Amino acid sequence: MSFTSFFDYTVNGLIIGNIYAMLAVGLALIFGVSHLINFAHGSVYTVGAYIGWAAITFLHTPLPVTLLLVVLGSGALGMLIERVGLRPLQGAARIAPLLATIGISFVLDILVQLLASPDPRSLPSQLPNWRLQIGSGTIGALDLLIAGIGLASAALLFGFLRFTQLGWAVRATAQDRDAAQQMGVDVNRVNQSVFAIASALGGLSGLLVGMYYNNISPAMSFQATLKGVVATVVGGVGNVPGAIVGSMLLGLTESYGVAWFGTPYRNLFAFVLLLVILVWKPNGLFGRKRALPPEPLTGTFIAPSKPWHVPPWLLAGLFALAAVLPLFNPSPYLLQVLTNSWLYAALALSLTLVAGTIGQISLGHAGLLAIGAYASSLLVLDLHLPVGTSIIAAGLLTSLIGTALIFPAFRLRGHYVSIATLGIGEIVALTILNWESLTRGPIGVSGIPPLSLFGRDASSNNAFYWASLAAMVLLALLQWRLLRSHLGRTFRAVREDEVAARAYGVSPDRYKAMAFGFGGFAAGVSGAFTAHLYSYINHETFTSQISILALTMVILGGLGNISGALLGAVALVSLPEFFRVTAEYRMLIYGVALLLLIRFRPQGLLGTV
Amino acid sequence: MLPRHFLRLAAALLLAPIVASAAPASGEPVWFGVSGPLTGQNAQYGAQWKAGFDLALDDINARGGIHGRPLAYTFEDSQSDPRQAVGLAQKFVNDKRIAIELGDFSSPASMAASPIYQRAGLVQLGFTNSHPDYTKGGDFIWSPSISQADSQPLLADLAIKTLGFKRVAVLFLNTDWGRTSRDVFVKAAEARGAQVVIAEGYQPDEKDFRSTLVRVRDANPDGLVLISYYPDGALIAGQVRNVGLKQPIAASGSVYSPKFIELGGAAVNGIYTNTAFFPEEPRAEVQTFVTRFKARYGKEPDAFNAYAYDAVQIAAAALIQAGPNADRTAVRDAFYKIKDVPSVVFGKANFDPQTRRVIGVKSVDLVVKDGKWALGDAKAAASVASAR
C-alpha cells in the first residue's frame, strides 16, 4: 500500500469514527449514571434526524434554528424515556430497564415509520458546499462541523461533570446511587438531566449524519445503536473521553479492514476488535481498574420475586392438549404458528439457562441458531447424512462451536458479557457470509431436504408439528432434571456471587461451559429444525433481531424459569399474528404491549427462579 | 338541433371504447394473497407494491375483472421475515378464496415459504425473486422478475460497448441478488473484452463507502459499475468524487427511481443505467401505466411500482386463461399457456416452461442529466468515452 492510500484510509477512518463518537458519547454518559446500555439511543438518533427534516421541509428553518429545535426535541424525548420507561422500574430487576429500552426503541421506530413513511428521504445539508483537499480526497464543512460538535460536547461534558454542582451530583450518583441519595442528591433529577443531555446529543448526531449522507430512514437506528455500543465498550463504558477514543479506533479498524481484506470484511473486523479488547482489558481500554467490578445483571441485585410455580398437572395437561391438537383438524395457520413457537421455545430454553440460571445475558443467540441450521443442512447436502441424524449432530456441533467461541469471554462480567455475545453473534453471521467455500456465501444454501425421521418423511404439517413439539418437550424435561440436580444449585451459585462460588471450590468457567454446552445443543437443534422447515437459508435468515427477540421472550417469561421461557416464546410468536387485524399498527401495538408487561411485571410473567 | 345532435354523436364516439369493452366486474371477488414487508427494514418496498397493485386492480376490474368477477387482494405483513412468511403461507394455502399468492420480497422469506405453497398446490408468484434457485422449488413456483442472466449482459453492453470501459471496477450489494448479478456481469464483461480489476461487495445497511472507494481507486479502473438499489447507489455516488475518483459510472437498472436523484442530488449527474422500465418510453403499456399512476398518486412511478403492477397483470392473465371458477391446479396450468401478456417491464411477457421465469428483457439506456432521467444518447456517450 502506498503512503497516499494509507493516509487516505486513515482520514476515512477518522471521519467515520467522528460520526460514531457522537453516538458513543451519549451512550457512555447514560451508562455512567444509570449503568444501562440504552438500546433506544439509535431511535432517538433517528427521531432527531426526522425532527430536523420536518423543520427544514415544513418550517424552512435556517441551520441554527434547525439545530436548536433538534436539540430541544430530542432532549425532551430523552426526559420522556427516563420518566416513562425507566423511573418506574427502579428497584426492579436490573435487566428490566434494558428490556424497557429495547421496547421503547421498537415503539419509536414504528412511530417514525408510520408518521414519515418507510421510504428513505433526502436531508440536504444547509452548510456551504466548499471542500478541503486532504491527501487525495476531500473533506467538507459538515465533516468539520461534526468533529467540532463532537469535541465541543465532550469538552462541555467534561467541564460540566467536573465544575458544576449538577455535574458533581451526576458523578456521585454514578459512583453510588444510594449514598448520593442519602447526601440529598435528587437522583431522579440527575437521571433525567443526563437522559436529556445524552438524547439531545443523539438527536443532533442523527441530524448531522443524515445531512452528511443526504439520507435518512426509519431503519437507520439499529446500526447506529450497534456501532455506538461497540465504540463505547471499546473505550470502557461510562467513560466519555474513552468513548471518543473508542470510536476513532473503531473507525480506523473498519477502514484498515477494508483496505487489507476488502469491503465484506469491514464489520467482521469491527467485532473482532471488540472481542480482542474485551478479552485483553475486560473493562474496556480506559475503564478504571479500581472501579467496583461490574455487578451481575441477574442474581445479587435482583428484586427477590416469588416465582409462580406452574403445577405439574397443569403443565402435563397443556402438553396433552398441544399433543392432541392436530387430531382436531385445526387451521394449518394455527399449527404453523405453534410450530414456530415450539422452535423458538427451544431457543428460549437455551437462553433462559444461560442468561437466567447462570447469569450470562447473551445477545448473540441467533448465531447459535445459524450454526445449527448450517450444520444440519450441510451435513445432509454435502456429507449425505440422513436428516434426523444430522439434527442431533448439528446440536452437538453447535454446542461445541458455541462454547469454544464464548470461552474467551468467560472472564467478563455484567454488561460486558452481553456485548461480547452480541459481537460473537455478528461474527458468526459475517463468517457465514464470507466463508464461501463452506457456506456458499450470500447465495445461501437452497434445496435443503424436508424433515424426515427414522427414514420416514415427516414434512407434513402435523408430523413437523409433533416432531418439533417432542424435541422441545424433551429438551425442557432434560433441562428441568439438570436444574434439580446439584448442577442447578451450582449454576445459581455462580450467578449469585462468582467470588463466593470460587471460594467454595466451584470453578465458574467449567460450569459456564456446561451451561453454554447444553444451551448450544438446544439452540442448535432448534436451528436445524428451522433449516429443514425453510428449505433455504442464507446469512440473513438469522438476524441479530432474533437474538433480541429471544432475550425478550426469556425476560418476559421470567429469567431461568423453564415454563416461563415456553410461555414467553408462545406469547411473542403469537402476539404479532394475533394483532394482524390491526394491519400496519400491529407492531406498534405489540411494542406497547411489551412495554406494559415490563412495567407491571418486571420480574417476568412467571417470575425469576 | 344540430349542435345537440353533434354532441350526442361525440359522446357516443367517446364512450364507444368503454361500452365496447366488458362491463365493470361485480359479484364475489377472485382473491390473490400477498406476503410482503409493510413494517420493518424493507417496509418501503411493500408500500411501493401496494401502489402498483391498486392501480392494476382498477385497470383490470374496469375491463371486466376475471370472467366478470372483480379481482381483489389481501396483503399480509411478513416483515420479510421467513418465520412470519411460512405462517402466512399456511394461512393463504388454507384460505379457499385465494387463487394465487404474490411475494415475498426477499429470497430467504420467499424460498422458506415455497415448500408450503408447492405441497399445497398454490401458485407462488415471486415477482422480485431473482435468486437462481427460486423457481427450482417446484412447478407451482413462478417468477416474472427480471432474470439477472438476461439483464446483466445488457449492462455489460452499456458499460463496455457504449461507454468503452476497459478496466472495470464493480461495487455490488452483497446479497443473493447482488452476488448473482455480479457473477453474470463479470463473465459478460470479460466476454466483451474488458477486464474486471476489482469487485467489492458491501452490506445493505452500509452507509460509508470512502474506504471502499479508495480501494477501488488503487485498482486503477477506467469505469465504475454499481450493482445497487437506489438508496445505496445514491450513497455511493455521493461519496465517489470525495475520494478523488473521476471515472464515469454505469449502474444496474435497479437504481432507476426518482428517489435516486432525490437522494443523490448533484452527485448522480452523468450516471448511466439501463433499465427495463422508463416512464418516458413511448410504448402504450408504459404510457397508460405512467399517466394513470401520476393521476392517482401525484408522483412518478419507479421500478418497484412497475414490477408490482406487472405481477398483478400477469396473475390476472393466468386467472382469465384458467377459466371461470378454476381450481388452483388449473391456475398453475394456465401459466404454461399464457402468451404475450402486455407488460410495462417486458413489453410482452412470456414464461419459459422449463425455468418458470419470464424470458428475455428489453432495456433502455438512461443517463441522469441536470437532475433528471433522460434517454442516454449515443453521441453523449461517445464523448464520455473519448473524453478520457
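Reply: B:Leu226 stands opposite B:Ala251, a residue of E9(B). The strands concerned are strand E8 (residues 223–227) of chain B and strand E9 (residues 249–252) of chain B, which run parallel and are joined by 3 bridges. Pairing here requires that DSSP finds at least two bridges between two strands. Helices (H or I, at least four residues) and strands (E, at least two) are DSSP runs, numbered from the N terminus.

This is a predicted model: local features need pLDDT of at least 70, side-chain atom pairs count only at pLDDT 80 or more, and totals for chains, interfaces and linings use all residues. Residues are numbered from 1 along each chain as its sequence is written, while chains are lettered from A and ligands numbered from 1 in the order in which they are written.

The sheet around this position is open and has 7 strands, in the order E7-E6-E8-E9-E10-E15-E16 of chain B, with mixed pairing. Its edges are strand E7 (195–202) and strand E16 (372–375) of chain B; each has a single partner strand, so one side of each is left without a neighbour in the sheet. From one strand to the next the twist averages 25 degrees. Helix H6 (residues 176–191) of chain B packs on this sheet and touches strand E6 (167–173), E7, E8 and E9 of chain B; the direction of H6 makes about 165 degrees with that of E6(B). Touching means contact, that is, C-beta atoms, placed from the backbone, that lie within 7 Å of each other. Axes are lines fitted to C-alpha atoms, for helices over the stretch in contact, and angles run from 0 to 180 degrees between N-to-C directions. Helix H7 (residues 210–218) of chain B lies across E6, E7 and E8 of chain B and runs at about 170 degrees to E7(B).

Chain B also holds an open sheet of 5 strands in the order E2-E1-E3-E4-E5, with parallel pairing. At its edges stand E2 and strand E5 (141–142) of chain B, each with a single partner strand, so one side of each is left without a neighbour in the sheet. Within this sheet, 4 bridges pair E1(B) with E3(B) in the parallel sense. B:Gly33 has B:Glu101 in E3(B) as its bridge partner. H3(B) packs on the sheet, touches E1, E2 and E3 of chain B, and has a direction at about 170 degrees to that of E1(B).

On to the pairing of E1 with E2: strand E1 (residues 30–36) and strand E2 (residues 71–77) of chain B run parallel and are joined by 7 bridges. One of the paired positions is B:Gly36, whose bridge partner in E2(B) is B:Asp77. With helix H2 (residues 43–62) of chain B, E1(B) and E2(B) make a right-handed β-α-β unit. Right-handed here means that, with the strands pointing away from the viewer, the path from the first strand over the helix to the second runs clockwise.

Two loops carry backbone details. In the loop between E2 and helix H3 (82–94) of chain B lies B:Ser80, a residue other than glycine whose phi is positive, near 55 degrees. B:Asp104 is in the loop between strand E3 (98–102) and helix H4 (107–120) of chain B. A cis peptide bond, with omega of about 20 degrees, joins B:Gly103 and B:Asp104.

Finally, the contact between the chains takes 52 residues from chain B and 56 residues from chain A. On the chain A side, helix H1 (3–34), helix H4 (95–116), strand E2 (137–140), helix H10 (240–261), helix H13 (332–357), helix H21 (508–534) and helix H24 (586–600) each supply at least two residues. H1(A) gives the most to that side, with 6 residues. By class, the side of chain A that touches chain B has 24 nonpolar, 25 polar and 7 charged residues. In this scheme Ala, Val, Leu, Ile, Met, Phe, Trp, Tyr, Cys and Pro count as nonpolar, Asp, Glu, Lys and Arg as charged, and the others, Gly among them, as polar.

Terms used
Two residues are in contact if their C-beta atoms, placed from the backbone, lie within 7 Å.
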